[in-house]
Amino acid sequence: MKVLVTGRGGQLAWELEKTAPEGIELVSLSSKELDITSQQQILDAVSLYAPELIINAAGYTAVDKAETDPLAYEVNHKGSEYLAYVCDKADIPLVHISTDFVFDGTKTTPYQPDEEPSPINAYGDSKLKGEREITRILGNKATIIRTGWLYSTHGNNFVKTMLRLMAEKDQLGVVAD
């Protein structure tokens, strides 16, 4: 099976590359190799690589910067929409990685997949808009995975930052909102 992964260089794509099961031909492309904000580039990549599945591990993830950077919506909303259109046209299923930031975080019990989202920031809103386009276009030919945290030995993440800071300092303060 041939699988096309977007977001090469990011933590998730890196881990998928390292852990791909035997028999999976994984083609992982960075944003320089495949700009998901260009529907033509997606069409070209699908034509060139002929994947049987696409995993969208690409995303604009700078939560604070997303408040003022229109690229957040270009990547998370429009890029997801373009991927869905191409997947629909080529009859390819899509696995899309989203975020729990589509919810406001005020519940004291776990969120269920069918609960109404209510993002409290631009990052969550951009991801939710992408999810909605994918669902509208692909329906059950798409799987959307909402994750709370990604961590890896590759790249920057909360776990690695905390480990580094614990080695450097006697006491840490962490925002808990």
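I began at I36. Leaving out residues up to four places away in sequence, I36 touches T6, I42, N56, A58, V75, G79, Y82 and L83; contact here means heavy atoms within 4.5 Å. A second, separate core of nine residues includes V3, L53, I55 and A57.

I noted the ground rules next. This is a predicted model, in which local features need pLDDT of at least 70 and side-chain atom pairs count only at pLDDT 80 or more, while totals for chains, interfaces and linings use all residues. Residues are numbered from 1 along each chain as its sequence is written, and side-chain values use heavy atoms, with hydrogens and water left out.

**Entry: cores**

I looked up the largest nonpolar core. A nonpolar core is a set of buried Ala, Val, Leu, Ile, Met, Phe, Trp, Tyr and Cys residues joined through side-chain atoms within 4.5 Å. Buried means under 20% relative accessible area, exposed over 50%, and partly exposed in between, with a 1.4 Å probe and protein chains only. The largest core has 27 residues, and L34, I36, I42, I54 and L138 have the most contacts inside it. Two or more residues come from each of β2 (25–29), α2, α3 and α4. Helix α3 gives the largest share, seven residues. Helices (H or I, at least four residues) and strands (E, at least two) are DSSP runs, numbered from the N terminus. In soluble globular proteins, nonpolar side chains tend to be buried together.

**Entry: helix α3**

I checked the span of α3. The expected span is 1.5 Å times one less than the number of residues. For the 20 residues of α3 (residues 71–90) that should be 28 Å, and the end C-alpha atoms are 26 Å apart, which agrees.

I also found a kink of about 30 degrees, centred on G79. The bend at a residue is the angle between axes fitted to the seven residues ending there and the seven starting there.

The buried residues of α3 include A72, V75, G79, Y82 and L83. I traced their partners: the buried residues of α3 pack against β1 (2–6), α2 (39–49), β3 (53–56), β4 (94–99) and α4 (122–138).

I logged H77 as buried because its relative accessible area is 16%. Beyond its neighbours within four places in sequence, H77 is in contact with A72, S126, K129, G130 and E133.

**Entry: K127**

I moved to K127 in helix α4. K127 is buried yet has no salt bridge; E131, the nearest side chain of opposite charge, is 7.4 Å away. A salt bridge needs a side-chain nitrogen of Lys or Arg within 4 Å of a carboxyl oxygen of Asp or Glu. Lys and Arg count as positive, Asp and Glu as negative; His and the chain ends are not counted. Not counting residues up to four places away in sequence, K127 touches A58, N76, H96, I97, S98, T99 and V102.

**Entry: loops**

Which residues did I flag for positive phi? A50, not a glycine, has a phi of about 50 degrees and lies in the loop between α2 and β3. D91, also not a glycine, has a phi of about 55 degrees and sits in the loop between α3 and β4. Most residues other than glycine have a negative phi. D91 counts as exposed because its relative accessibility is 56%.

P51 is found in the loop between α2 and β3. P51 is buried, with a relative accessible area of 8%. Neighbours within four places aside, P51 is in contact with K2, L4, V46 and I92. The C-alpha atoms of P51 and P93 are separated by 9.6 Å, though 42 residues apart along the chain.
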